[in-house]
Each structure stands twice: as C-alpha cells, then as structure tokens.
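Hi everyone, thanks for coming. Let's get the structure up on the screen and walk through it together.

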Amino acid sequence: MNTQINFPLFLPGRKSDKNNKISILAADIGGTKTNVGWFESEDGMLVLKEEATYSSKTHQSFSHIIQKFIREYNLEKPNRISIGVAGPVLNGKCITTNLPWSLDTNQIKNETLVEKVCLINDLESTAYGLAEINEGYLATIHEGNPAIGGNVAILAPGTGLGEAGLFWDGQSLRPFATEGGHSEFSPRNNLEVEFYQYLQQIYGIVSWETVISGPGLFNIYRFLRDIKKHEEPAWLTQQFEHDDPSAVISHTAMRELNMTCVMAMEMFVEFIAREATSLVLKLKATGGLLLGGGIPPKIYNFLNKSKFYQNFIVSDKMEHLLKEIPIHLILNSKTALLGAAYYGAFSED
C-alpha cells in the first residue's frame, strides 16, 4: 500500500468561505444498496458525522430513503444534498440502470425543501472520492511510472460495470462519467466465441457488463457448468440456492474448494484486464488505472497475481505504454459516498 499517491482534483470551492461550516447529505445509490452520509465541511475537508446503509430495492424512492435517514438520526435539513447514482445523468435527471427509480433534482428539491441538490454518476463520484486518500485507501498492483502523469481511468465491477475517467488539464484532474460498461463484449478465442454465443441467446446484445459484474461472474460459471459440462457438487448447488451466486463463486475460488469456480474466477479476472486495457488506451490514461466497485477488494489475491498484469499489457502496438501505467485497487468502500460529498461541497467556487 502506498500513502504517497496523490490525485489533484479540480475542486475550486475548497478555499471558499461560503463552503465552510456547511452540512451535506450525500448518497451513493447502487443497484443493491444505498449508502447515505451526513458530512460537515471544515477548512476544505469533510467530516463524516452519521452514516447508514439501506437496501435500494425495498424503498419506493430515494426521497423516501432521505426522509428515513433524517428521521432515524434526528437530523435537521441539510444545506446541500449530493448524490452519486449508478446510471447516466442528463440535465439533472437519471433513470437508474439497475433500479425501478427515476431521479430528478428539481423533484428532490421540492420534496426536501433543500435549495441545492447535485446529481452525478456514481463512477464520477468515485473519482471525486480520491480527494481524500489516507492509509489503507489504495493497494498498488503495479507501480508503473507515476512521474509521467496524465489522464486516469477507473473500472469498477459490482452489481453492474462502471467506467469513468479523469482528464488531466495540466494542473488538475477533472472527473467525467462514461457508460462504457454497456459497450459490446468481443471474444478473442474459440472458447470465448462459444461463451459469446451462449450469452447472446440469453441477452441478445452482449455487453461488457454481462461479463464483468456480479451477474457476469455467474454467467461465466454457468457457461462452464451448462455448456462445457463441468460437474457441480451438491454442496455448491445448495449454497447457490441460499446465497448470492457471485459471492459463492468468489468465496469458493479464493479457497480453491472447487476447480470450476477457480476457472470462472480466472476467466473473470482476464476479462477485467482486457476491458481495463481498452479503457486505458481509449482514454490514454497514462496517469493510472484504478480498480473500484464492490468486487475487486474481495478478489484482491486474484487481481494481484501476475496473470492479471500479463493480460493487461497485451496489445498489438502499445505494450510499451501499458507497462508504464500505475495500477491501484481502491480499498475504501466509502469512496463513492465521500466523492459525492466532496462534489456537493466544493465543486463550485
């Protein structure tokens, strides 16, 4: 782990008096859970005062979660609300990708009576979460050559697949969202062509999210079990019936209790490396690659193996560039929540 890493983010309001001593209710809305935090700003930094996690799918709307959080912790109306959400944000609105919700900043303002409400993509908020890097925040997979600097890429598999970039303007890094996870998956060899055809029958269009995500890991396992006829022991079938399949596969693979799970995890990690390569090359992210989301910290031992790095640097003509890219794993599960708060507090002067 490296505490010397620094990402100079574009947050012009950190030194503004009007952004000092204010309260920000921040949220990180994912397909599975919504993390909510109450922050207060102090001299360009944020202090987390209260936090809670709610099941996203058991609540009717985000406003319902806000009201519940404020009521449970006996809080006053915040000065600002800032939200990171898994989905494309257009003109202050978002139809969430993995939830039956729609978010609208004007509607949230009316329902909460809070004048300033910010809504950004969750990977953009993850990028802003790099404003505060403490010990244990990152694990370095490959040191690369950080002196080169430049743009930065973030790849974050979880319930879905998030991708984002940070543009280096010569002085600061400016985060921006993408929807690259929904671009089409491309097979490289005969086995992957079979895998692609299997997924095509299920989904029609096969995106990278159907391969690199919690459901994606289970898709790989099902392909190995159902098409390639790898046997599934009874104890594993029982676990699938009671627990999240992707968690079962990763847990089993990490302990080498079943070789089909190990093979699925190895394919999964290879696909992460492949899509990370594409993202880095498209963004010319010489400033580094960051792996975030809910899955990478749980499979660190697989990502830290040489096989991941060897797959990452495969390129027709750009291997020399890829070898220079620093690769880090985001360990802090609150990065997106923290980033939403930093954006709400300091994105404007």
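So, which residues have the most contacts inside the largest nonpolar core? Before I answer, a word on the ground rules. This is a predicted model, so local features need pLDDT of at least 70 and side-chain atom pairs count only at pLDDT 80 or more, while totals for chains, interfaces and linings use all residues. Residues are numbered from 1 along each chain as its sequence is written, and side-chain values use heavy atoms, with hydrogens and water left out.

Okay, the core. A nonpolar core here is a set of buried Ala, Val, Leu, Ile, Met, Phe, Trp, Tyr and Cys residues joined through side-chain atoms within 4.5 Å. Buried means under 20% relative accessible area, exposed means over 50%, and partly exposed is in between, with a 1.4 Å probe and protein chains only. The largest core has 54 residues, and L289, L291 and F312 are the ones with the most contacts inside it. Helix α8, residues 259–283, gives the most to this core, with 14 residues. By the way, helices (H or I, at least four residues) and strands (E, at least two) are DSSP runs, numbered from the N terminus.

Let's zoom in on L289. If we leave aside neighbours within four places in sequence, L289 is in contact (heavy atoms within 4.5 Å) with A153, L155, A276, V280, F312, I325, P326, I327 and H328. Apart from that core lies another one, of 33 residues, with L11, I154, A164 and A340 among them.

Two strands pair if DSSP finds at least two bridges between them. Strand β9, residues 152–157, pairs with β10, residues 161–168, in the antiparallel sense over six bridges, and I154 stands opposite A164 in β10. The hairpin from β9 to β10 goes through three residues. Is β10 mostly covered or mostly open? Mostly covered: six of its eight residues are buried.

On its other pairing, β10 goes with strand β11, residues 173–177, again antiparallel, over five bridges. There, F167 stands opposite R174 in β11. The hairpin of β10 and β11 has four residues between the strands, and G170 in it takes a positive phi near 105 degrees.

Now for the open sheet. What is the order of its five strands? Reading across, we get β3-β2-β1-β4-β7, with mixed pairing. β3 (45–55) and β7 (116–121) stand at the edges with a single partner strand each, so one side of each has no neighbour in the sheet. From one strand to the next, the twist averages 20 degrees. Angles run from 0 to 180 degrees between N-to-C directions, and axes are lines fitted to C-alpha atoms, for helices over the stretch in contact.

Further in, β1 (residues 23–29) and β4 (residues 80–85) run parallel and are joined by six bridges. I29 has V85 as its bridge partner in β4. Helix α1, residues 62–72, packs on this sheet, touching β1, β2 (33–42), β3 and β4, and its direction makes about 115 degrees with that of β3. S63 sits in helix α1 and is buried, at a relative accessible area of 6%. Leaving aside neighbours within four places in sequence, S63 is in contact with I108 and E111. Helix α2, residues 105–112, lies across β4 and β7, running at about 140 degrees to β7.

Next, a helix pair. In general, two packed helices are described by the angle between their axes and the distance between the axes. Helix α4 (residues 190–203) and helix α5 (residues 214–227) pack at about 105 degrees, with axes 10 Å apart. That makes α4 roughly perpendicular to α5; the label covers 65 to 115 degrees, while under 35 is roughly parallel, over 145 roughly antiparallel, and the rest oblique. The contact includes L191 and F195 of α4 and I220 and F223 of α5.

Last stop, the cysteines. How many disulfides are there? A disulfide is a pair of cysteine sulfur atoms within 2.5 Å, and by this rule the count is zero. The sulfur of C94 is 15 Å from the closest cysteine sulfur, in C118, so that is too far for a bond. C94 is buried at 3% relative accessibility, and C118 is buried too, with a relative accessible area of 9%.
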